[in-house]
Each structure stands twice: as C-alpha cells, then as structure tokens.
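Here are my notes on this one, in the order I'd go through them. Have the viewer open while you read.

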Amino acid sequence: PSSNVSLQMIMDAHRDHYENTPYDLTKGLASGPFGTPNRYSPGAGEQEVQGNWERGISIPRTSDSFVVQLRQGEGAGAGDSVLWWGVHVPHATTYAPFFASQAVVPDSCRGLQGVFDPSTLLWRVRFVHNLMDLKYSYMAPDVRAAQHALEGKGRKVADARYGTL
C-alpha cells in the first residue's frame, strides 16, 4: 500500500470477498442472489460442473477472527497487548478490544453456538449475518459503515487507556 498498514485495513482484510478484483465474489456468476458472496453446500447441479469457486477470506462457517496489537516498552501498560475479537463471520462482526490485563470478559461475549441467547454478541452478529444474506448488495455498505464507526469507538477506548497504539 501507499501508506502504513492500519488496524482498520487489517480488520477489513478479514472481511474480504475479493471485491473490485477479477475474482469478486459479490458480482456476476460468482455471486449469489443480491450479490451475496456466501457459499454453502453445493447443490446437485453444481457438482456436475468441473472447477471451483474462489474461496473468500470471510466465509459463513467462520466462528471467530482476531487482530492482535502487541505492545512493548516500559511503564504503565507495557506489554498489555490488545486482542481485537470478532465473533462469527468477519463481514458481519464488529471487532471489540480486549486487553491482556483484563480480568473479566463481559457476559455479552460469552454466547454459545448451541444455546440461543439474543443478549449475547454471538447471536446478534448471527442475526446481522442472516439479514445480510437476504440482500447483501443493499446491506453491506450500511453494515460496513456501522462496523467502522463502532471500531473507531473501540480504538478511542484503547487509545484512552494507553495512548495511540
């Protein structure tokens, strides 16, 4: 890139479906209805065709994704790295900061896949993902804008704790 790689660039890379490249999974024959890039189990007809689709970086069976910021130095916060955790599929999640010195995980982050609990982050992100699948091309820009806004708030929390990382 023409500039330093930012935290947001790395988060967005996890969400990639090769948009704006010749392998874009949201356009043409490679996309599903309304540009959804998601591929589920193939139907009988698809098994008859030679070849494969490209595999996006963000796929529907992703359970979690992470970005880690390692800190070094001396003084308060030295070595207190930040784990940016995204539950479920990267293209529907918002990465939240967790600190190495953090002793407690919020209850909202303790969701289980086999236990429906709409108060947890897992089930809220799954809801967004399911809605995105209905009309991906309409919803993806709005979801991406909301992700960036919320992740910006998370960066402010991390920066307030230690200064700009």
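1. Starting with the overall contacts: among those in the chain with a separation of 6 or more, 55% are between residues 24 or more positions apart, where contact means heavy atoms within 4.5 Å. Keep in mind that this is a predicted model, where local features need pLDDT of at least 70, side-chain atom pairs count only at pLDDT 80 or more, and totals for chains, interfaces and linings use all residues. Residues are numbered from 1 along each chain as its sequence is written, and side-chain values use heavy atoms, with hydrogens and water left out.

2. The chain has 4 helices and 3 strands, in the order α-α-β-β-β-α-α along the sequence. Helices (H or I, at least four residues) and strands (E, at least two) are DSSP runs numbered from the N terminus. The C-alpha atoms fill a box of roughly 60 × 45 × 25 Å along the principal axes. Of the 165 residues, 36% count as buried; buried is under 20% relative accessible area, exposed is over 50%, and partly exposed is in between (1.4 Å probe, protein chains only).

3. Next, helix H1. Leu7, Gln8, Met11 and Asp12 are its buried residues. Looking down the axis of H1, these buried residues fall within an arc of 130°, so they line one face of the helix; the arc is taken over the directions from the helix axis to the C-beta atoms. What do the buried residues of H1 pack against? Their partners are E1, strand E2 (82–87) and helix H4 (136–162).

4. Histidine 17 sits in the loop between helix H1 (7–14) and helix H2 (44–47). Histidine 17 counts as buried because its relative accessibility is 0%. Its side chain makes a polar contact with the side chain of tyrosine 136, at 3.5 Å. For a polar contact, a pair of N or O atoms has to lie within 3.5 Å; within protein, one must be able to donate a hydrogen and the other to accept it, and residues adjacent in sequence count only if both atoms are side-chain atoms. Leaving out residues up to four places away in sequence, histidine 17 touches several others, including Asp24, Ser58 and His91.

5. The loop between H2 and strand E1 (64–69) holds isoleucine 57, and proline 60 is in the loop between H2 and E1 as well. Isoleucine 57 is partly exposed, because its relative accessibility is 41%, whereas proline 60 counts as buried at 14%. Not counting residues up to four places away in sequence, isoleucine 57 touches Ala13, His14, Asp16 and Tyr18. With the neighbours within four places set aside, proline 60 is in contact with Asn38, Arg39, Tyr40, His88, Val89 and His129.

6. Phenylalanine 99 belongs to strand E3 (residues 96–99). Is phenylalanine 99 buried or exposed? At 9% relative accessibility, phenylalanine 99 counts as buried. Its C-alpha is 6.0 Å from that of serine 81, 18 residues away in sequence. Beyond its neighbours within four places, the contacts of phenylalanine 99 include Val82, Val157 and Tyr162.
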